[in-house]
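My notes are below, in the order I looked things up.

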Amino acid sequence: MQTMPPPLKVANAKGVKIYLEDGQELIDSISSWWCAIHGYNHPKINSALEEQMQKFSHVMLGGLTHEPAEKLANELVRITPHGLNHVFFADSGSVGMEVAMKMAVQFFKNNGIDGKTKFASLYRGYHGDTTGVMSIGDPEEGMHHLFKGFLPKQFFIHPSLQEMEKLFEEHNGEIAAFACEPLLQGAGGFNFYPPEFLSGAKKLCSQYNVLLIADEVATGFGRTGTMFACEQAGITPDIMVLGKGLTAGYLGLSATLATDNVYNSFLGESYEKAFMHGPTFMGNALACSAALASLKIFERENYLGKIARINEILKEELLGFEAKGVKEARVFGACGIIETLNESYHSGIQEFARSRGVWLRPFLNVVYTMPPYIISEEELRKVCGAMKEFFK
Ligand SMILES: Cc1ncc(COP(=O)(O)O)c(C=O)c1O
């Protein structure tokens with residue numbers, strides 16, 4: 001707070017544009033931290049919300065239920081990989097992942113297996129900012145040093161099946177689940193790994209009785225080119241978490257999906273076996289209505305086609321880009337990344353891009369775009385142009 005420039009005040013946002021109070025217009029090239037997949041102020045999502053608001057905005061989801069939550073749960077079961085048949089709603093990606101971790105630990109307890117209370121995850125991963133999920137985020141960049149002694153200690157590997165097998169051979173008796181962002185690690189620096197690692201990881205997890213948690217909070221809803229990144233590896237994880245694009249950035253909502261195997265272990269005669277987690281705003285009716293409207297638009301308006309086109313343009317614009325301080329330019333799905341040798345090489349790019357009408361927000365040593373899928377070709381080329389021109 002002492003050193004940051006004052007934030008820019010937004011007066012309005014529509015389509016891919018953010019309008020500032022001082023009259024400036026900016027193309028939002030990062031979809032408000034990757035969630036505003038249809039841009040802003042979408043008339044169909046607006047009317048879905050208005051319609052739901054006339055009925056009610058929120059009721060507790062304990063002992064009560066409602067159509068938007070039930071419909072959305074059914075839709076998520078329909079569109080996610082086969083076998084994820086049960087849905088738990090919470091209010092953010094971090095909490096959705098906390099839910100997944102608690103589910104994994106209790107799954108083994110409920111099955112009479114003690115001692116499996118730890119997690120394996122990938123270096124350079126990111127799963128949110130609450131305590132449990134921080135412990136499985138990158139141990140170097142993930143601020144573990146600040147919270148040493150507070151965060152539980154977990155196991156970390158690179159995306160290598162040999163490393164994974166060695167870890168499982170030695171520690172599978174302690175590990176409840178392997179948690180990862182499938183194929184694309186976002187906030188840990190936009191690193192990609194091949195689907196073969198994920199499909200191999202799924203096999204090793206089954207072999208060593210470790211659950212697989214796929215954190216699709218960032219990758220879900222098309223960002224890697226398919227509806228979910230897990231599809232590219234042809235796997236069904238035991239638990240999958242969705243957030244961000246789920247409500248197209250309108251309201252906080254996450255969904256933690258589980259297989260019958262996981263779900264059935266929580267059925268029993270006493271509370272001991274039940275999954276005791278009850279966020280106040282779980283299954284918020286407005287959030288579920290926004291998510292249903294968003295999904296309808298996604299499917300009816302050929303969004304996977306739009307994403308494929310974004311991918312082509314990003315490749316044309318960014319692949320092979322060279323300039324002083326640039327380590328590599330890479331593209332995956334609807335993400336375009338310029339990685340620099342270190343942060344100092346992109347210092348000032350945010351102001352530069354703003355002067356060209358583009359909203360960027362680099363972090364670590366990466367400058368990136370993850371645009372709303374409705375972005376036009378001209379707007380996307382303008383975003384890439386601003387990214388590249390800065391380095392020239
Ligand atoms: C892969 C992943 N998981 C979880 C989260 C946390 O989501 P939220 O910020 O909604 O708590 C994020 C947020 O960036 C994320 O990228």
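Entry 1: I began with Lys327, which is exposed at a relative accessible area of 54%. I kept in mind that this is a predicted model. Which residue does Lys327 form a salt bridge with? I found Glu339, with the closest N and O atoms 3.3 Å apart.

Next I asked myself: is Glu339 buried or exposed? Glu339 is buried, with a relative accessible area of 11%. The cut-off for buried is under 20%, so 11% qualifies. Lys327 passes the other cut-off, because exposed means over 50% and its value is 54%.

**Entry 2: the count.** How many salt bridges does the structure hold? I wrote down 17. I then picked out two inside helices.

**Entry 3: a pair in helix H3.** Arg78 and Glu75 meet through their side chains in a salt bridge, 2.9 Å from N to O. Both are in helix H3, residues 67-79. They are three residues apart, so about one helical turn separates them. Arg78 is partly exposed at 45%, and Glu75 is partly exposed at 24%.

**Entry 4: a pair in helix H13.** Glu377 and Arg381 also form a salt bridge with their side chains, at 2.8 Å from N to O. I placed both in helix H13, residues 377-391. Four residues apart, they are about one turn of the helix from each other. Glu377 is partly exposed, with a relative accessible area of 35%. Arg381 is partly exposed as well, at 25%. Then I followed the shared partners. Salt bridges join Glu377 and Arg381 into one network with Arg309, Glu312, Glu316, Glu317 and Lys388.

**Entry 5: a sheet.** I turned to an open sheet of four strands. Its order is S1-S2-S3-S15, and the pairing is mixed. Which strands stand at the edges? They are S1 (10-14) and S15 (358-359). Each has a single partner strand, so one side of each has no neighbour in the sheet.

Strand S2 covers residues 17-20 and strand S3 covers residues 25-28. They pair in the antiparallel sense over three bridges. Ile18 stands opposite Leu26 in S3.

Terms used. Residues numbered from 1 in each chain as written. Predicted model: local features only at pLDDT ≥ 70, side-chain atom pairs only at ≥ 80, totals over all residues. Heavy atoms only, no water. Salt bridge = Lys/Arg side-chain N within 4 Å of Asp/Glu carboxyl O. Buried < 20%, exposed > 50% of the residue type's maximum accessible area, 1.4 Å probe, protein only. Pairing = 2+ DSSP bridges.
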